[in-house]
Amino acid sequence: MRVKAKFENIRDKIDGNEVDLSLCNLTDVPVRELAAYPKATSLDLSCNNLIILTPEFCSLSHLVRIDLSKNQLSSLPEELGRLTSLNHLDLFQNKLNTLPVSFSQLRSLKWLDLKDNPLEPVLAKAAGDCLDDKQCRQCAVAVLQHMRVLQEEADRLNEKRLLRLRGLELKREAKQKEREAKEKEVRKREKAEEKERKRKEYEAQQAALAAQEQQRKKREEKKKRAATVADKKKAESEAVASSGWSVSSVLLRLLLLLLLGVGGSVAACHLSPLREEEMCEPLKLILQEALQWAQHALAQSQELLQPLLQKLSALTASSPAL
């Protein structure tokens, strides 16, 4: 804000294409104000208290001539190479030890003064004495050449650094790929194991179901065999019963005929004048014995005849009363 207030009328400092800001006790360069006058290509900042130049100063690429002599500059911005139009640079009596590598990009530079700076020996040797205009021109050529060598060396070092970084990156990528491959292999193996486990579980379930089905079939087969045996026994028993019933029915008919014959004879003896004859008494005894034998022989198989036989027996027993 101090600089802005001081140079509200910076136009008064402009004479043609020159801006004279010398002896203004400056500690900062009014870059924004200077950028507003692109036709002012010569800038005099000598005899001020400048300690540092900001990177924004290098945006004044329209400047052709800059005088920074008799300040307190200990370094120059790395972006100095952006001042591609610079032809004349006066750095007399500052506190510079080195120049930025981008200094080599000042291809338009024809005049340079670096005397009365604590330069490093190699740079000081390249700069020379700068006692007159010719030596300052030679200084510009020699320093640019020196800085180009430094730039090439810096580029080589930077390239080596980039190659090293690239190598490290490739190694890192290779390790990453190897790790990913191992992880993928582990996942693949785990997936295969999981699949195998599920397959075994499925086979075990199918085997269990098959065993259950086999047991069910065995039970059904056993039931069928039991049913077949039962049906066979039933058929045999029915056949035996049927044959027995047939025989019994024949015997029953014979017995009925016999009983009817004997009963008729007994009835004739009791109901006719023949009852006084001796022949009727044996018939009565024969009828009673026949009834007892029939009851005993047909007691188990012919239960339905019991009532009839009992009635005939009762009839025989009551015959004397007649």
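Modeller: Before we start: two strands count as paired if DSSP finds at least two bridges between them. Keep in mind that this is a predicted model.

Colleague: Okay, so what makes β1 and β2 a pair?

Modeller: β1 and β2 (residues 18–20) are joined over two bridges, in the antiparallel sense. The cut-off is at least two bridges, so they count as paired. Within that pairing, Ile 14 stands opposite Val 19 in β2.

Colleague: And what is the order of strands in the open sheet?

Modeller: The order is β1-β2-β3-β4-β5-β6, six strands with mixed pairing.

Colleague: Why are β1 and β6 called edge strands?

Modeller: β1 (14–15) and β6 each pair on one side only.

Colleague: Let's go inside. Which residues have the most contacts inside the largest nonpolar core?

Modeller: That core has 44 residues, and Phe 57, Leu 99, Phe 103, Leu 112 and Val 143 have the most contacts inside it. α2 (31–35), β6 (111–113), α3 (121–127) and α4 (133–271) each supply at least two of its residues. α4 gives the most, with six.

Colleague: What does Leu 112 touch, leaving aside its neighbours within four places in sequence?

Modeller: Its contacts are Leu 89, Leu 91, Phe 103, Cys 130, Cys 136, Cys 139, Ala 140 and Val 143.

Colleague: How do you know that Leu 162 is partly exposed?

Modeller: Leu 162, found in helix α4, has a relative accessible area of 44%. Buried means under 20% and exposed over 50%, so a value in between is called partly exposed. Leu 162 also forms a nonpolar surface patch with Leu 165 and Leu 168, with about 270 Å² of accessible area together.

Conventions. Residues are numbered from 1 along each chain as its sequence is written. This is a predicted model: local features need pLDDT of at least 70, side-chain atom pairs count only at pLDDT 80 or more; totals for chains, interfaces and linings use all residues. Side-chain values use heavy atoms; hydrogens and water are left out. A nonpolar core is a set of buried Ala, Val, Leu, Ile, Met, Phe, Trp, Tyr and Cys residues joined through side-chain atoms within 4.5 Å. Buried means under 20% relative accessible area, exposed over 50%, partly exposed in between (1.4 Å probe, protein chains only). Helices (H or I, at least four residues) and strands (E, at least two) are DSSP runs, numbered from the N terminus. Contact means heavy atoms within 4.5 Å. Patches are made of residues with over 30% relative accessible area and no salt bridge: like charges are joined within 9 Å, nonpolar side chains (Val, Leu, Ile, Met, Phe, Trp, Tyr) within 5 Å. Accessible areas come from the Shrake-Rupley method with a 1.4 Å probe; for residues, only the protein chains shown count as cover. A salt bridge is a side-chain nitrogen of Lys or Arg within 4 Å of a carboxyl oxygen of Asp or Glu.
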